[in-house]
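Hello,

I am passing a structure on to you, along with some notes on what turned up in it. Please have it open while you read.

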Amino acid sequence: MKVLECVPNISEGKDLAAVEQIVGEVRQYPAVRILNYSSDSDHNRSVLTYLGPPEAVLAATKAMTLKALELIDMRQQHGSHPRFGAVDVVPFIPIRNMVQAEAVEIARQYGRFLGEQGVPVYFYEDAATQPKRKNLATVRKGQYEALSAKLQEPGWIPDEGPAHFNPKSGATATGARFPLIAFNVNLNTSDVTIAQRIAKSVRHVNGGFRYVKAMGLYLKSRNIAQVSMNLTNYTKTPLPLVLETVRMEAARHGVSIAETEIIGAIPMGAMEEIMRHYVQVHDFSLDRVIESSLL
């Protein structure tokens, strides 16, 4: 059976009743399994992770999107996480018996559907139609507040949907990508400048790790600073390497790590390097995990 994963990020993390209604739309599809969903009030963002047969995942994503567009008003939305739309980013990830081209086609179908709802849509990562649209940060640059002006630029005409500003729903980025790890490190300090310096030291754009995107944020509800990261290829930039670098940089600024967070699901393959690094079982492989053998 073909298995496709979808990890929508929606711009609502405070109204949990609304989030439950949105997630409820996915539950209407019995072939789709919800692995995880979580909300962050400081980010004002929720991340859903679910998988199943491609057709069912696409149908569930369309239903989820319609409910999110109904309930989320970007004119009232504020949070610490970058965003430019109610349904901010919708990546599709091939998990089993699928190639990347099939996931790209699903993303294109979803983009056409969303464009028909009056939402500007940009294809990113492996579905990108232009090299400069491959990077999500570039597509989302300026965020919701700059979207109206951006849509008027010839180089930023949407791939689907109208080339004019939708004030309620904003815009959406969708595409196909490798499984990433959304990984946050919370620091024992409220000084966001420290988190920003650490983020700058580890992210690729500033000379850090090739497969790391990072930013420093302040979490008002907990009065702490956070290094929020996406590890876009855990096979080439392992999670332990990134974590230990963050730990070293934090110590250099006189602070320690309070806790870490993994948002959504984590690929089983990423656990191999964690076992090798922290448990120091250097010949460890997933074949030695009982449940993995059953799968």
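Before we start, one term: contact means that heavy atoms lie within 4.5 Å of each other. Please also keep in mind that this is a predicted model.

Let's begin with helix 2, which covers residues 54-71 and so has 18 residues by the count made for it. From its first C-alpha to its last it reaches 26 Å, close to the 26 Å expected at 1.5 Å a residue. Which residues of helix 2 are buried? They are P54, A56, V57, L58, A60, T61, A63, M64, T65, K67, A68 and L69. And what do these buried residues pack against? Their partners are strand 1 (3-6), strand 2 (9-10), strand 4 (45-52) and strand 5 (87-96), together with helix 1 (16-27) and helix 3 (100-116).

Next, have a look at a sheet further along the chain. Strands in a sheet pair through backbone hydrogen bonds, either parallel or antiparallel. Here, four strands form an open sheet in the order 9-10-8-11, and the pairing is antiparallel. Strand 9 (212-219) and strand 11 (257-263) are the edge strands, each pairing on one side only. On average, neighbouring strands of this sheet are turned by 20 degrees against each other, direction ignored.

Strand 9 pairs with strand 10 (residues 224-231) over eight bridges, and V212 stands opposite L231 in strand 10.

Two helices lie across these strands. Helix 7 (residues 239-252) lies across strand 8, strand 9, strand 10 and strand 11, at about 20 degrees to strand 8.

Enjoy exploring!

Definitions and conventions
Residues numbered from 1 in each chain as written. Predicted model: local features only at pLDDT ≥ 70, side-chain atom pairs only at ≥ 80, totals over all residues. Heavy atoms only, no water. Expected span 1.5 Å × (residues − 1). Buried < 20%, exposed > 50% of the residue type's maximum accessible area, 1.4 Å probe, protein only. Pairing = 2+ DSSP bridges. Axes fitted to C-alpha atoms, helices over the stretch in contact; angles between N-to-C directions.
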